[in-house]
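Have the sequence and the model open side by side as you read.

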Amino acid sequence: MHLSRFPRVRLGHLPTPLEPLERLSKRLGGPRLWIKRDDCTGLAGGGNKTRKLEFLIADALREGADTIITQGATQSNHARQTAAAAAKFGLACHLLLEDRTGYTSADYRLNGNVLLDRLHGAALSERPAGADMNAEMAALAEALRGKDRKPYVIPGGGSNPVGALGYVNAAFELVAQANDRGLQIGHIVHATGSAGTQAGLVTGLVALNAAIPVLGVGVRAPKERQEQSVLDLATRTAHRLGLPGIVRREHVVANCDYVGQGYGLPTEGMIEAVSLFAETEGVLLDPVYSGKGAAGLIDLVRKGFFPANSDVVFVHTGGAVALAAYRAAFGQPDHL
């Protein structure tokens, strides 16, 4: 697979580490757990969107864009990394932030990712829950064109066939690391939301004939909708690669039992997962994506879902910056 034929800029510190989670594995008494540290991609605190933005920003520059538009939740990790990528290449950036939680605290509305969005010079505007965010971005793009700007619209999560190439490349990277270590991966687990990470991983692994199953732990949509979103995007990504038809329905699996009351709303499992990773491995998860993904991983280990002698890789998609917005959820005091 020759990904170099697609335009790409360099944003990430790649390859990211693949590390054993020895103390956590021992604590859970399950399979051998590993972590793919995509929280260490470097850009503005790191995270999985950096890989996607390498291809998306390159495509924007190819089209002669001078402005980036994207959308996400108030505490969007994608928005933060997009703002940073735009700043690095001298592009204006407009972020449309949807209120998906109803939280009104200053911690949530002004701290964490929102603080970094502003430090990177992005223009922020809010939208109510349930807004048609694609339509909102299209309207803003049209308004900017009327002012002689050249906007480039990036979908939420950077999840389209251009952005998904970042995780096709991540699949190649992970398999190469496993081959170098003599590591036979039994399962890959990660948080899945806008579908681009899972679609890219599935497409890349199928293209390599790696025979490694991917389990996406959903953070927002019901199982059927999530799996269909991933399948649709993986199909389009494979077509972009010139490999139509390689991804089949059985390649796409999501478990959406760990969403809780909704997107971005804390669960007991998420709080336990964040605490366990921090206390046993010194690894910081985030409360929206990797925290719920890890909650699913931990619960499935306890239920015996993975063979005890297998090697399971958890892809850490980043987002620890958002922990500052969820201080109350972790019962933190207002004093030292």
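Arg-51 and Asp-38 make a salt bridge, with 2.8 Å between the closest N and O atoms. (A salt bridge here is a side-chain nitrogen of Lys or Arg within 4 Å of a carboxyl oxygen of Asp or Glu.) The pair links distant parts of the chain, 13 residues apart: Arg-51 sits in helix H2 (residues 49–62), while Asp-38 is in the loop between strand E2 (32–37) and H2. Helices (H or I, at least four residues) and strands (E, at least two) are DSSP runs, numbered from the N terminus.

Both partners are tucked away: Arg-51 is buried at 2% relative accessible area, and Asp-38 is buried at 0%. Buried means under 20% relative accessible area, exposed over 50%, and partly exposed in between, using a 1.4 Å probe and protein chains only.

A note on the source: this is a predicted model, where local features need pLDDT of at least 70 and side-chain atom pairs count only at pLDDT 80 or more, while totals for chains, interfaces and linings use all residues. Residues are numbered from 1 along each chain as its sequence is written, and side-chain values use heavy atoms, with hydrogens and water left out.

## Glu-227 and its two partners

By the salt-bridge rule, the count comes to 20. Glu-227 takes part in a salt bridge with Lys-223 at 2.7 Å, N to O; the two lie four residues apart in helix H9 (residues 223–240), about one turn of the helix. Glu-227 also meets Arg-249 in a salt bridge, at 2.5 Å. Glu-227 is in H9 and Arg-249 in the loop between H9 and strand E9 (253–255), so this pair ties together parts 22 residues apart in sequence.

Glu-227 is buried at 6%, whereas Lys-223 is partly exposed at 35% and Arg-249 is partly exposed at 38%. Elsewhere, salt bridges with shared partners join Lys-36, Asp-38, Arg-51 and Glu-173 into one network.

## A lysine without a salt bridge

Lys-292, in helix H11 (residues 290–302), is buried yet has no salt bridge; the nearest side chain of opposite charge, Asp-286, is 9.5 Å away. For charge, Lys and Arg count as positive and Asp and Glu as negative, with His and the chain ends not counted.

What does the Lys-292 side chain reach instead? Its polar atom lies 2.6 Å from the backbone oxygen of Val-259, and the side chain also reaches the backbone oxygen of Leu-265 at 2.8 Å.

## The cavity

On a 1 Å grid over the protein atoms alone, a cavity is a set of points where a 1.4 Å probe fits but cannot get out, and a pocket is an open set with protein on both sides within 12 Å along at least five of seven lines; lining residues have an atom within 4 Å of a point. Grid points are joined across faces, edges and corners, and a volume is the space filled by probe spheres set on the points.

Lys-36, Asp-38 and Arg-51 are among the residues lining the cavity. Helix H7 (residues 161–181) gives the largest share of the lining, four residues.

## The largest pocket

The largest pocket has a volume of about 760 Å³. Of its 36 lining residues, Arg-100, Gly-156, Gly-193, Ser-194 and Arg-220 are the closest to its centre. H9 gives the most to this lining, with four residues.

Notes
A polar contact is a pair of N or O atoms within 3.5 Å; within protein, one must be able to donate a hydrogen and the other to accept it, and residues adjacent in sequence count only if both atoms are side-chain atoms.
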